[in-house]
Amino acid sequence: MRASILVMLCVGLSRPTLGQQAPPTWPPPDTARATRETQLRRALAEIKGKEALPAESVYREIRMMTGVPAGRLLRIMDLGYGRSLGVTCTFCHVEDQWDREDSTRKQVARDMSAMVHAINDTLLRRIEGLRGKPEPPIVNCTTCHRGQTKPAISLEAPPQR
């Protein structure tokens, strides 16, 4: 009897009532996913046979991730940047002219990547007692962005009582 009442209470609390909004979902919906998947397939087709070569030998303007295989670079860009920010490739790049440097967003991404490496490689290692198993704790783009272009830097206001 108590269990069924608890279930009814939990189910009742989880559904919005008239005039209430549904709570936000996590992870947020990735509306750009299908477009990114298409762009990734096209990009992989364009480098067919060169996927294992270092990215800088396949692409121009590779300033970070040198030595990373070209196919892996594309997947890192898709997951690590695109999905983490909820965007498509054209958020930073000009389609079919991927090496163009017209967008300041490319440099922002490079600078943010350097920040992430500084946090992971230096700052987190200095925190006594912070240990993860089996891997040490890390931050990445998703840590702050959570599928949005603007990082989550504040919490919602607490409910008024």
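Predicted model: local features only at pLDDT ≥ 70, side-chain atom pairs only at ≥ 80, totals over all residues.
The protein chain contains six helices and zero strands, so that, read from the N terminus, its elements run α-α-α-α-α-α. Of the 161 residues in the chain, 19% are buried. Among contacts between residues at least 6 apart in sequence, 48% join residues at least 24 apart.

The buried residues of α4 are A70, G71, L73, L74, D78, Y81, G82, S84 and L85. As a general point, an α-helix has 3.6 residues a turn, so residues three or four places apart point the same way. The cover over the buried residues of α4 includes helices α2 (33–46), α3 (55–58), α5 (104–123) and α6. After α4 comes G86, a residue with a positive phi, near 70°.

One of the helices covering α4, namely α6, spans residues 141–145 and includes H145. What is the burial state of H145? With a relative accessibility of 10%, H145 counts as buried, because the cut-off for that class is under 20%. Leaving aside residues up to four places away in sequence, H145 touches S84, L85, M112, K150 and P151. Two of these partners, S84 and L85, are also listed among the buried residues of α4.

Attention now turns to charged side chains. In general, side chains of opposite charge can pair when their charged atoms come close. The model holds nine salt bridges. One of them joins R42 and E95, with an N to O distance of 2.8 Å. This pair links distant parts of the chain, since R42 sits in helix α2 and E95 in the loop between α4 and α5, 53 residues apart. R42 counts as partly exposed at 35% relative accessibility, and E95 likewise counts as partly exposed at 33%. Together with D96, R42 and E95 are linked in a network of salt bridges.

Two further salt bridges deserve a mention. D102 pairs with R100, the closest N and O atoms being 2.0 Å apart. Here D102 counts as exposed, at 51% relative accessibility, whereas R100 is partly exposed, with a relative accessible area of 33%. R110 pairs with E101, and the closest N and O atoms of that bridge are 3.0 Å apart. On the R110 side the residue is buried, with a relative accessible area of 13%, while E101 is partly exposed at 30%.

Even so, F91 takes part in a contact with a charge: R105 lies over the face of its ring, at 3.8 Å from the ring centre.

Terms used:
Residues numbered from 1 in each chain as written. Heavy atoms only, no water. Lys NZ or Arg CZ within 6 Å of the ring centre and 35° of its normal. Helix = DSSP H or I, 4+ residues; strand = E, 2+ residues; numbered from the N terminus. Buried < 20%, exposed > 50% of the residue type's maximum accessible area, 1.4 Å probe, protein only. Contact = heavy atoms within 4.5 Å. Salt bridge = Lys/Arg side-chain N within 4 Å of Asp/Glu carboxyl O.
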